[in-house]
Amino acid sequence: MEVINALGRRKSAIARIYVSEGTGKIIINKKDITEYFPSAILQYVVKQPLNLLDVAEKYDIKVNLDGGGFTGQSQALRLAIARALVKINAEDKKKLKDQGFLTRDSREVERKKPGQPKARRRFQFSKR
């Protein structure tokens with residue numbers, strides 16, 4: 001199997017991944033997944049598509065993660081892994097789609113408006 005690449009985005013995070021056959025190692029920005037995401041919850045989020053299809057120990061994944069915070073990065077990586085698994089085997093698409101792993105969460109932070117402290121919050125109104 002040649003190297004398969006895919007892209008995942010969430011908020012301002014971008015995950016570019018390269019999947020090849022191997023033993024289940026996930027390297028993120030030249031660090032192991034346990035070092036990059038110390039939280040067990042974030043590691044679980046990243047591995048969800050792999051565990052769903054029982055291929056966690058079948059592929060090595062090399063990741064370039066950029067932008068955003070750790071939650072957005074983990075969800076961007078989950079989307080990228082799901083897209084790569086569909087490229088490898090198209091029959092898995094229905095399982096992944098039913099779990100919602102192939103849907104790009106398009107919610108972004110709303111911009112701050114001038115004359116207001118935040119996007120929608122306004123300064124306190126004073127009648128006198």
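This is a predicted model: local features need pLDDT of at least 70, side-chain atom pairs count only at pLDDT 80 or more; totals for chains, interfaces and linings use all residues.
Let's start at Asp105, which is partly exposed, with a relative accessible area of 23%. Asp105 pairs with Arg107 in a salt bridge whose closest N and O atoms are 2.8 Å apart. Arg107 itself counts as exposed, at 57% relative accessibility.

From there, move along to Arg120, which forms a salt bridge with Glu110, their closest N and O atoms being 3.0 Å apart. Both residues lie in the segment after α4, so this pair ties together parts that are 10 residues apart in sequence. Arg120 is exposed, with a relative accessible area of 64%, whereas Glu110 counts as partly exposed at 38%. Salt bridges with shared partners also join Arg10, Asp105 and Arg107 into one network.

Helix α4 has a pair of its own. Here Lys94 and Asp98 form a salt bridge, with 3.1 Å between the closest N and O atoms. The two are separated by about one helical turn because they sit 4 residues apart in helix α4 (residues 93–99). Both Lys94 and Asp98 are exposed. Across the whole structure, a search finds 6 salt bridges.

Next to β1 comes β2, and the two pair in the antiparallel sense over 7 bridges. Gly8 has Ala15 in β2 as its bridge partner. The hairpin of β1 and β2 has 2 residues between the strands, and in it Lys11 takes a positive phi near 50°.

Now step back to the sheet as a whole. It is an open sheet of 5 strands in the order β1-β2-β5-β3-β4, with mixed pairing. Its edge strands are β1 (4–10) and β4 (31–32), each of which pairs on one side only. Further in, strands β3 (residues 26–28) and β5 (residues 59–66) run parallel and are joined by 3 bridges. Across this pairing, Ile28 stands opposite Val63 in β5.

Helix α3 (residues 70–88) packs on the sheet, where it touches β1, β2 (13–21), β3 and β5, and its direction makes about 145° with that of β1. Helix α3 also packs with helix α2 (residues 40–52), at an angle of about 10° and with the axes 8 Å apart. The two helices are therefore roughly parallel to each other, because an angle under 35 degrees counts as such.

Which residues in α2 and α3 meet? From α2 come Leu42, Val45, Val46, Gln48, Pro49 and Leu50, and these meet Phe70, Thr71, Ser74, Gln75, Leu77, Arg78, Ile81, Ala82 and Leu85 in α3. Sorted by class, the contact of α2 with α3 has 10 nonpolar, 4 polar and 1 charged residues.

Methods
Residues are numbered from 1 along each chain as its sequence is written. Side-chain values use heavy atoms; hydrogens and water are left out. A salt bridge is a side-chain nitrogen of Lys or Arg within 4 Å of a carboxyl oxygen of Asp or Glu. Buried means under 20% relative accessible area, exposed over 50%, partly exposed in between (1.4 Å probe, protein chains only). Two strands pair if DSSP finds at least two bridges between them. Contact means heavy atoms within 4.5 Å. Axes are lines fitted to C-alpha atoms, for helices over the stretch in contact, and angles run from 0 to 180 degrees between N-to-C directions. Angles under 35 degrees count as roughly parallel, over 145 as roughly antiparallel, 65 to 115 as roughly perpendicular and the rest as oblique. Ala, Val, Leu, Ile, Met, Phe, Trp, Tyr, Cys and Pro count as nonpolar, Asp, Glu, Lys and Arg as charged, and the others, Gly among them, as polar.
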